[in-house]
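Try each task yourself before you read the solution.

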Amino acid sequence: MSLHPSLQSYADAWTHSIDAISDLVSPLVEGEWNRRTPCPGWSVRDLVSHVIGLDCEALGDPRPIHTLPRDLYHVTNEHQRYMEMQVDVRRHHTAPEMTSELEYTVIRRNRQLRNESRQPDALVRGPLGTEITLEESMRYRAFDIWVHEQDLRTALGQPGNLDSPGAYVTRDVLLGKLPKVVAKDAGAPANSAVVFDVHGPVEFLRTVRVDADGAGSIDGTPSLGPAATLTLDWETYFRLACGRITPEAVSDRIKTEGDPDLTAAILHHFAVTQ
């Protein structure tokens, strides 16, 4: 393998989820591709189109030249417009067209990963014409593909893989965003701490600490006197953080202790994906 060791876990997570997605959609009949998913505005076909499109971009393929319709209510910002392009261009593709393009893209992407010799800090194309490191790109793809695998499983009524390699990449990506959620977005007071106790297939205990200047940091040690504690299961955690459900819809699955205004503000700002 020529892939840098620090990138291997992301490649493994991507492979595991893309294989699962292929297995999920290959037997679907035409009508099932129109099922609604938890991803706002997207059907099963749309979601698979997104997966194909982003991996084609990772391969260096040019983006499609396409004009979006004006009546896409779920598209509200430039990031969403960027993501929607690869989706809308495939909206009329048939089931065989979708599965064959997915299969061909996976073959090409696997070949690319096998031959990948660049360093983790090499710059590659990112969203909206930006440049990001290869490591950031592969981490994002592993995260994105696992979340969309779960979207498909929800839409098709086939739960599973909540503790697969992609789940742990997703955990780390989402935890990296928690300090901003707590300290900046929710406005936790200076010199306070908020504990997150997550159970289920993926378990962890993390404390977000807010220093005297209002900056947040995260660690794995418990706090003796937290301003708030949130206890919830892993599936609820990632679905909230990815904007798939609202706090009100799963209030019975979240236990909160401490400052009620602070816990409400944290849950209000919990969704961190666009």
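You're looking at a predicted model, where local features need pLDDT of at least 70, side-chain atom pairs count only at pLDDT 80 or more, and totals for chains, interfaces and linings use all residues. Residues are numbered from 1 along each chain as its sequence is written, and side-chain values use heavy atoms, leaving out hydrogens and water.

**Exercise 1.** Work out the strand order of the open sheet.

Solution. Start with the terms: strands are DSSP runs of E, at least two residues, and helices are runs of H or I, at least four, numbered from the N terminus. Two strands pair if DSSP finds at least two bridges between them. Now read across: the 5 strands run β5-β4-β3-β6-β7, with mixed pairing. At the edges sit β5 (216-219) and β7 (254-258), each pairing on one side only.

**Exercise 2.** Find how β3 and β6 pair.

Solution. Strand β3 (residues 192-199) and strand β6 (residues 228-233) are parallel, over 6 bridges. Then look for Asp197: it stands opposite Thr231 in β6.

**Exercise 3.** Describe the salt bridge between Glu235 and Arg239.

Solution. First, the cut-off: a side-chain nitrogen of Lys or Arg lies within 4 Å of a carboxyl oxygen of Asp or Glu. Here the N to O distance is 3.2 Å. Last, check accessibility (buried is under 20% relative accessible area, exposed over 50%, partly exposed in between; 1.4 Å probe, protein chains only). Glu235 is partly exposed at 26%, whereas Arg239 is buried at 9%.
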